[in-house]
Amino acid sequence: MYNLKGKTAIVTGSGRPLGIGEAIVLRYASEGCNVVISDIGKSMGAEFPSDAIGSTLEMEEIANKARQYGVEAITVPCDVRKSNDVENLVRKAVEAFGSVDIFVNNAGVGYLMQLVTEMDEEKWDAVLDVNLKGAFLGIKYAAKQMIEQNRGGRIINIASQAAKSGFPFASAYTSSKHGLVGLTRATAIELAKHKITVNAVCPNHITTGLGDWQNKFFSDKLGLTYEQYMARMKSNIPMGRTGLVEDIAKACAFLASDQADYITGEAMNVSGGEEMH
Ligand SMILES: NC(=O)c1ccc[n+]([C@@H]2O[C@H](COP(=O)([O-])OP(=O)(O)OC[C@H]3O[C@@H](n4cnc5c(N)ncnc54)[C@H](O)[C@@H]3O)[C@@H](O)[C@H]2O)c1
C-alpha cells in the first residue's frame, strides 16, 4: 500500500462501471485519498452514444463505492474537450477538498475505428479532441493549481500500447496516444522545477466496456469468434493473460506515491511483457 492519506485525486472519464477510471478511483480511495469522479455524464451526438460513456448516475454509484473506504468523494460532470469544463473540474475539487495533488487523464475514446482511407473527419477530431486535447487541458489546469499550492504534484496520463505500436483501423487512436506520450515528455520537463511529475501508463488489452467493443470489432474484422480472438491475443502476451483494471490502478498508485518522486517523463508499459519499448 502507498499512503495517500489526505491527498486529493481527480480522475477524468471515471464514471463508466468496470472501467480503468473506476479502478483507479477505488484504489486511491483505499489509500486514503479524497477522490473526484468525473465523466462526460450524458451522450453528446453520434460520437458519444449513451452506451459508450459514463452517465451522471453511474458517477454517483462509483462515488458511493469510494466512500465505503472512509474517504470523501464528489462527482463533477466534465467534457474534457471543453476548457471551461476542465477549469471548473479543478475549481470544484479545490472548493471541496482544498487542493489537487493527483490528476489522472483517463478519459478516452477507442471505439471510433475506420481505415484511414474511409476515416471521417468528425471521428478523427472526436478521438484527438478527447484523447490528446483533453489531456492537454487537464495538464494545463491541474498544473496551474499545483504550482499555486507550491508542494509538487502528480499528473498521470493513461496512454496505451497504441502509444508505442501501430494498429490497423486505429490511425486516430494510435496518433492520439503517441501524441500523449510526447505531451507527457514535454510537460514533464516544464513542470519538474515545480516538483510536479508527469508520467504515462500504457496498458495493452483490458476487457472494459471499451475493450469489449474492440474485441468484437477486431474478431469480426479477422473472421474469428470472440473466443478465438481472445485466445490469439493471450498467446502473444508472455504473462499469458490480458490485463486487469487493477493492474493499471496499481501502477497509478505507485506513480502517485512518494516512492516515485524521481520518476518523470516515463511511458510505463503495463502489458504482461507484450510491449517492451
Ligand atoms: N481497455 C483497454 O484495453 C485499454 C487499453 C489501453 C488504453 N486504454 C485507455 O484507458 C482509458 C480508459 O478506458 P477504458 O478501457 O476504461 O474504457 P471506458 O470506456 O470504460 O472509459 C473511458 C471513459 O472516458 C469517458 N469519456 C469519453 N469521452 C469523454 C469526454 N469528452 N469527456 C470526459 N470523459 C469522456 C467515457 O465516458 C468513459 O467513462 C482510455 O484512455 C483508453 O484509451 C484502454
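How far is an oxygen atom of the ligand from an N or O atom in the side chain of Tyr173? The distance is 2.6 Å. The legends below describe close-up views of a predicted model.

**View 1. Residues around the ligand.** The ligand is surrounded by 29 residues. Those closest to the ligand are Arg16, Ile20, Asp39, Tyr173 and Thr208. Sorted by class, this shell holds 15 nonpolar residues, 9 polar ones and 5 charged ones.

View 2. Tyr173 contributes a side-chain N or O atom, 2.6 Å from a ligand oxygen.

**View 3. Cys33 without a disulfide partner.** The whole structure contains 0 disulfides. Cys33 is accordingly in no disulfide, and the nearest cysteine sulfur, in Cys252, is 12 Å away. A disulfide requires two cysteine sulfur atoms within 2.5 Å. The residue Cys33 is buried, since its relative accessible area is 0%.

**View 4. Cys78 and its distance from Cys252.** For the sulfur of Cys78, the closest cysteine sulfur is that of Cys252. The two sulfurs are 18 Å apart, so they are too far from each other for a bond. Cys78 has a relative accessible area of 4% and is therefore buried.

Notes. Residues are numbered from 1 along each chain as its sequence is written. This is a predicted model: local features need pLDDT of at least 70, side-chain atom pairs count only at pLDDT 80 or more; totals for chains, interfaces and linings use all residues. Side-chain values use heavy atoms; hydrogens and water are left out. A residue is near a molecule or strand if one of its heavy atoms lies within 4 Å of it. A polar contact is a pair of N or O atoms within 3.5 Å; within protein, one must be able to donate a hydrogen and the other to accept it, and residues adjacent in sequence count only if both atoms are side-chain atoms. Ala, Val, Leu, Ile, Met, Phe, Trp, Tyr, Cys and Pro count as nonpolar, Asp, Glu, Lys and Arg as charged, and the others, Gly among them, as polar. Buried means under 20% relative accessible area, exposed over 50%, partly exposed in between (1.4 Å probe, protein chains only).
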